[in-house]
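Welcome, and thanks for taking a look at this one with us. Please open the structure below and keep it beside you as you read the notes on charged pairs, a helix and a helix crossing.

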Amino acid sequence: MPSQFPDRLNTGAPYPLGATSDGLGINFAVFSANAQQVDLCIFDSQGRKELARLPLPECTDEVWHGYLPDAGPGLVYGYRAHGPYEPLRGHRFNAHKLLLDPYAKKLLGPVRWTDALFGYRLNAGKADLTFDRRDSAPGMPKAIVTEDNFNWSSDRRPAVPWEKTVIYEAHLRGISMLRNDLRPPERGTFAALATPRFIDHLLKLGITTVELLPVHAYLQDHFLIERNLRNYWGYSTLAYFAPEPSYLSRGELNEIRMAVRRLHAAGIEVIMDVVYNHNCEGNERGPTLSLRGLDNASYFRLIPGQERFYINETGCGNTINISHPRVLQMVLDSLRYWAESFHIDGFRFDLGVTLGREGTGFDPGSGFFDAILQDPVLSRLKLISEPWDIGPGGYQLGNHPPRFSEWNDRFRDCARRFWSGDSGLRGEFAKRLAGSGDLFDHRTRKPWASVNFITSHDGFTLRDIVSYAEKHNNDNGEDGNDGHNDNNSNNWGVEGPTDDPAIQDLRVRVQRGLLATMMFAQGTPMLLGGDEFSRTQNGNNNAYCQDNEISWVDWEAATSADGRALTAYVGRLTAIRCAYPALQAGRFLHGDREVAPGLPDISWFDERGESISAEAWENAEARALCVRRAAEGGDMQGYRDEDRTAPGITMLFINAGHDPLEFVFPEGGGDWYQLLDSAKADGKPDSDEPVQHRRAMVEGRTVMMFGSRRVRPW
């Protein structure tokens, strides 16, 4: 760190963007097409005092750049951008506002809410058309210059094949805040993510891939602070390259790398949920923190002819202008940074439809998708899209390009309704079990493109699906008006907790049926963290602002007898899935291909063991279904050597009705061995011997799984 700063910066270079230390100094580069001047502001190590303000001396290809000699990692800085303050033309430059570098890799301090954060006079009659001259630096976080210095040694990406992938969606903070075996500073941080206890838990569940809710630095929204609430989910990104500071127990970036490396050593991948569709600066009345002050007209999509206002296809006030090449570059640079510097294995794109929008609407051949699919780093990772937004034509399930998978809400809704007792769903339910080929079987896409989930962070937990008929969101401070109203849930007679043992038994039985549906369907299963031991949010289906026991995972529940049984049950489901290639098909099954003479890859039967006719598929009251799937057995785990060449066949009996029902095995085939009975708390069958009499009594709200060989996945 130089003891005295020069009067001016050296020219430096326009690439790479951000602040880059080369051992002799730091190069600064930031994009702004419409600024007239950009100043580098250097602060003391606490970020409180501005020590120097130096204009970036050169602009090349709309990138402002300069070089500070004799400086290194640890330097604290921000920017101020000069230019027109003309909101009617889309320009909101205000050099009185300190701006966070879009490429900042580490932050110092939080946003401290003050009126000075706004580019306009907050209480003025003309609102954002006015101009505010107060310095926002005291309320702004600053960027810290970093450098990568970590020994990855023999770290290797697990590279789990898609067809073998089982995802566990978790909130980094919530998954460990109630872990009493951890020191308080470690709870809710990356340090807790890769502890042996948690890794062992994931392995027992058969999890291959952890998907983390946003870990990018995000804003604590002012309207939540006013309600004494907090942004918990983190879908309000402030910096795309920097982690949320509160997620680092020691403030060191290597804490993330250590966590990823330990998970990789256990064979577990790490996927990040990322939010590139909007940022935390909101609409025209929002604060000026970074992109808005650097070049509002370039970074955001504005309404043509009314550039004062933002196109809002995200429901969050603004939409990032991915169509701009420099903005698209920022997104790709961010993705590559996390993939290469932290060895992240993939990304789940929040509101992925927004990212694929061009001038004519959503386009699977948009610049965003094309750029990722040709990228030598990103194209090799797991890529998941949330296939909707609130803009015109915003529901695009099944329409993303090959290589992307998609959250399948059609699977979620159908499974919930089927197990809740709705009628007329047997045909729809079969489509979802078979991988939703009606949605995804085109352009050589595979069943794994369908991410099958019953629950996610957004909505009821698994336990609440069977405990509440209505949402209970009063704690959110919005008079119960937030969150979905249509949850396809069923309380089975009592709203919320009950002491009635019959209702309690029915609820957990339906939970087990839903879990089995998810794990035994073609596609990629995704389990919400905590559902494996029946976590509740007390009926809150929109806990985005509940950074407390409502959202945190209760590990005491995991140690109860019921919690241990359900956890073992989930582990049994994934083990069966892993043991049978027929449950992991790398292609869609249509029943038009024979695995062996007279044995199609998939067949559908009723409880009598008879093929379902076209007329029977339309039976609105039918709630029984049998599906037989077959695949070559060459790679089957758990088989005796002499059985490895035999077809691996599974038979799934589903009784979603209330009363027990006798199922008859279809004609043909050899012995059948029971692998699962979801009427049992842990799913373990009574016998390892072959089924006698080719019949099975299936209890109400129950599934049974059978295999053609004695495989013991437990």
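Two residues are in contact when heavy atoms of theirs lie within 4.5 Å of each other. With that in mind, Phe411, Ala415, Arg416 and Trp419 of helix α9 meet Val510, Gly513, Leu514, Thr517 and Met518 of helix α13. Please bear in mind that this is a predicted model.

**Where α9 meets α13**

- The residues in this contact split into six nonpolar, two polar and one charged.
- Helix α9 covers residues 409–420 and helix α13 covers residues 501–520; their axes come within 10 Å and cross at roughly 145 degrees.
- The handedness of the α9 and α13 crossing is right-handed.

**Salt bridges**

- Side chains of opposite charge can pair when their charged atoms come close.
- The structure has 41 salt bridges.
- One of them links aspartate 148 to arginine 257, with 2.9 Å between the closest N and O atoms.
- Aspartate 148 sits in the loop between β11 (142–144) and β12 (167–170), while arginine 257 belongs to helix α4 (residues 254–265), so this pair ties together parts that are 109 residues apart in sequence.
- Arginine 257 counts as buried because its relative accessibility is 2%, where the cut-off for buried is under 20%.
- Another salt bridge joins the side chains of arginine 250 and glutamate 255, at 3.9 Å from N to O.
- In that pair, arginine 250 is partly exposed at 46% relative accessible area, whereas glutamate 255 is buried at 2%.
- Aspartate 273 and arginine 348 also form a salt bridge, their closest N and O atoms being 3.1 Å apart.
- Because aspartate 273 lies in strand β16 (residues 269–274) and arginine 348 in strand β19 (residues 346–349), the pair ties together parts that are 75 residues apart in sequence.
- Both ends of that pair are buried: aspartate 273 has a relative accessible area of 2%, and arginine 348 has 0%.

**Helix α5**

- Helix α5 (residues 291–299) is mostly covered, with eight of its nine residues buried.
- Those buried residues are Leu291, Arg292, Gly293, Leu294, Asp295, Asn296, Ser298 and Tyr299.
- What do the buried residues of α5 pack against? Their partners are the strands β2 (25–31), β7 (76–82), β9 (91–92), β17 (302–303) and β18 (306–310), together with helix α6 (325–341).

Notes: Residues numbered from 1 in each chain as written. Predicted model: local features only at pLDDT ≥ 70, side-chain atom pairs only at ≥ 80, totals over all residues. Heavy atoms only, no water. Salt bridge = Lys/Arg side-chain N within 4 Å of Asp/Glu carboxyl O. Helix = DSSP H or I, 4+ residues; strand = E, 2+ residues; numbered from the N terminus. Buried < 20%, exposed > 50% of the residue type's maximum accessible area, 1.4 Å probe, protein only. Axes fitted to C-alpha atoms, helices over the stretch in contact; angles between N-to-C directions. Left-handed = near helix turned anticlockwise from the far one by under 90°. Nonpolar A, V, L, I, M, F, W, Y, C, P; charged D, E, K, R; others polar.
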